[in-house]
Amino acid sequence: MEKRFAGKVAIVTGGSRGIGEAIVRRLASEGARVYATFNSNEEKAKAIQDELTNDGFSVRFLRVEITSEQSVKELVDEVIKEVGRVDVLVNNAGITRDTLLMRMSEKDWDDVLDTNLKGAFLCCKAVCRTMMSQRKGKIINIGSIVGINGNPGQVNYCSSKAGIIGLTKSLAKELASRNILVNCIAPGYVETDMTEKLTEEQRNAFATMIPLKRAAQAEEIASVVAFFMSDDANYVTGQVLSVDGGLAM
Ligand code: NDP
């Protein structure tokens, strides 16, 4: 693959599975030096790191608790110590705790908002100063189309993803004068561990509603991350791009 990202340093949160893993593989294969995070899946993270390193790519996984300012700071400090810069941050780590509002506990709400929205806020804050002094940087947030359309049983998750859109647009305005571009990708239904929890019936219902009549593969989200990271997207900021097979039209 063409080494478009040679010399670029990228941080990818939640790189140990699903969409994050596909992003790590894609950016590394295009030459980026990737710092990826895992939380509980150390074995999987190590296996990905070993495989990609053996293939000649630059990938290092670090354990991060995305809801902790201290843990996020340690991650970014480590990257700066090693390579002195951060070109791209991909805020991908996320969770669901689905249930109807009537049954949703305060913890279900807090866990999802803390991981999906506060986690992205903490990562943006931690890389911001470095990107500002570089006068260059890109932040790519992974939202969801349900942050635009809403979804029953996901009041917490949809609120967190709607928040990601607000964060994206506000930060894009705050940082544009420093040449830091902030965008959001809103995937539809992607086949990962997260959607594995759905019943066969729910999956079929989704597939029927999607104009392209199929779920996305994680690689199809990763390729859009690569687009935002590339110089082809150097005049794009504050945007939300749905990558959903037409579901949210
Ligand atoms: P997965 O459940 O497959 O992976 C989630 C990732 O987030 C894992 O790497 C996990 O690390 C990490 N993570 C979870 N909690 C924490 C935490 N507290 N601190 C640090 N890392 C954490 O998710 P997907 O790949 O499906 O989703 C990735 C992103 O895409 C999410 O933001 C999700 O909301 C979004 N998305 C997904 C869609 C889908 O259909 N799958 C649709 C739309 C958006 P570990 O495994 O090491 O614990």
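Trainee: Which residues of the largest nonpolar core touch the most other members?

Mentor: Among the 35 residues of the largest nonpolar core, Ile23, Leu27, Val34, Val90 and Ile185 touch the most other members. A nonpolar core here is a set of buried Ala, Val, Leu, Ile, Met, Phe, Trp, Tyr and Cys residues joined through side-chain atoms within 4.5 Å, where buried means under 20% relative accessible area, exposed over 50% and partly exposed in between, with a 1.4 Å probe and protein chains only. Keep in mind that this is a predicted model, in which local features need pLDDT of at least 70 and side-chain atom pairs count only at pLDDT 80 or more, while totals for chains, interfaces and linings use all residues. Residues are numbered from 1 along each chain as its sequence is written, and side-chain values use heavy atoms, with hydrogens and water left out.

Trainee: Which element gives the largest share of this core?

Mentor: Helix H9 (218-229) is among the elements that supply at least two residues each, and H9 gives the largest share, eight residues. Helices (H or I, at least four residues) and strands (E, at least two) are DSSP runs, numbered from the N terminus.

Trainee: And what is isoleucine 185 in contact with?

Mentor: Leaving aside neighbours within four places in sequence, isoleucine 185 is in contact (heavy atoms within 4.5 Å) with residues including Ile140, Ile142, Ile221, Val224, Phe228 and Val243. There is also a second, separate core of 25 residues, which includes Leu122, Cys124, Cys128 and Leu175.

Trainee: Changing topic, how many cavities of 30 Å³ or more does the search find?

Mentor: The search of the whole structure finds one, and the largest cavity holds about 60 Å³ of space. On a 1 Å grid over the protein atoms alone, a cavity is a set of points where a 1.4 Å probe fits but cannot get out, and a pocket is an open set with protein on both sides within 12 Å along at least five of seven lines; lining residues have an atom within 4 Å of a point. Grid points are joined across faces, edges and corners, and a volume is the space filled by probe spheres set on the points.

Trainee: What lines the largest cavity?

Mentor: Its lining includes Asn91, Asn92, Thr115, Asn116 and Lys161, and helix H4 supplies the largest share, four residues. By class, the lining has five nonpolar, six polar and one charged residues; Ala, Val, Leu, Ile, Met, Phe, Trp, Tyr, Cys and Pro count as nonpolar, Asp, Glu, Lys and Arg as charged, and the others, Gly among them, as polar.

Trainee: How much space lies in the second largest pocket?

Mentor: About 270 Å³, and helix H3 (69-83) and helix H4 (106-134) are the elements that give two or more residues to the lining of that pocket. The lining there has six nonpolar, one polar and five charged residues.

Trainee: Is cysteine 184 buried or exposed?

Mentor: Cysteine 184 is buried, with a relative accessible area of 0%, and cysteine 158 also counts as buried, at 8%.
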